[in-house]
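Please study the sequence and the model before working through the solutions.

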Amino acid sequence: MEERRNLNQDDVLELVGKFPLEPLFNGVYITVNKLEQDGNLVLSDNILSDVQYAVAVGPTAQVQAGQKVLIDIEKMMVPVKQESTNSYETVMQVKVDLVEVNGDVFALVTDRVIKAKDNR
């Protein structure tokens, strides 16, 4: 299995300007960083971090490329059909449009799933 890495702001700033994809309208390509425990990347948990970086933005998006953003993961969740003994149980899963560029994975989202610009 290929090891995936979290991208930091320096990595993203190197990509800005030469990222080969340009989203339309309010689309934003963001990193797909996972939550880290004790500074180590946890791949087995598949837990998406709510802190991401905008890599490329569409002309009407409300964020800038290279900016750290907070995303609303709940807005990205969709119900998943699953065989279960409890017919009232709903299983939710994050749904994103993924693309791989130069070995790194990015997601195309709209700016409506971005809660805030993180200037910290």
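**Exercise 1. Which residue in β9 is the bridge partner of Val 101?**

Solution. The model is predicted, and local features need pLDDT of at least 70, side-chain atom pairs count only at pLDDT 80 or more, while totals for chains, interfaces and linings use all residues. Residues are numbered from 1 along each chain as its sequence is written, and side-chain values use heavy atoms, with hydrogens and water left out.

Step 1. Identify the elements: helices (H or I, at least four residues) and strands (E, at least two) are DSSP runs, numbered from the N terminus.

Step 2. Find the partner of Val 101 in β9: this is Asp 104.

Step 3. Examine the pairing, where two strands pair if DSSP finds at least two bridges between them. β8 and β9 (residues 104-110) are antiparallel partners over 5 bridges; β1 and β9 are also paired in the antiparallel sense, over 5 bridges.

**Exercise 2. In what order do the 6 strands form the open sheet, and which strands stand at its edges?**

Solution. Step 1. The order is β8-β9-β1-β4-β5-β10, with antiparallel pairing.

Step 1. β8 (97-101) and β10 (114-117) each have a single partner strand, so one side of each is left without a neighbour in the sheet.

Step 2. Direction ignored, neighbouring strands of this sheet are turned by 45° against each other on average (axes are lines fitted to C-alpha atoms, for helices over the stretch in contact, and angles run from 0 to 180 degrees between N-to-C directions).

**Exercise 3. Describe the turn between β8 and β9, and determine whether Asn 102 is buried or exposed.**

Solution. Step 1. β8 and β9 form a hairpin with 2 residues between them.

Step 1. Asn 102, in the loop between β8 and β9, has a phi near 55°, a positive value in a residue other than glycine. Most residues other than glycine have a negative phi.

Step 2. Asn 102 is exposed, with a relative accessible area of 74% (buried means under 20% relative accessible area, exposed over 50%, partly exposed in between, with a 1.4 Å probe and protein chains only).

Step 3. Compare Phe 25, in the loop between α1 and β1: its phi is positive, near 50°, and at 60% relative accessibility Phe 25 counts as exposed.

**Exercise 4. How many aromatic pairs does a search of the whole structure find?**

Solution. Step 1. Apply the criterion: rings of Phe, Tyr and Trp (its six-membered ring) pair if their centres lie within 6.5 Å; planes under 30 degrees apart count as stacked, over 60 as edge-to-face and the rest as tilted.

Step 1. The search finds 2 aromatic pairs. Phe 19 and Tyr 29 form a tilted pair, 5.6 Å centre to centre with 50° between the planes. Phe 19 lies in the loop between α1 (9-15) and β1, and Tyr 29 in strand β1, so this pair ties together parts that are 10 residues apart in sequence.

Step 2. Phe 19 and Phe 106 form an edge-to-face pair, 5.0 Å centre to centre with 80° between the planes. Phe 106 lies in strand β9, so this pair ties together parts that are 87 residues apart in sequence.
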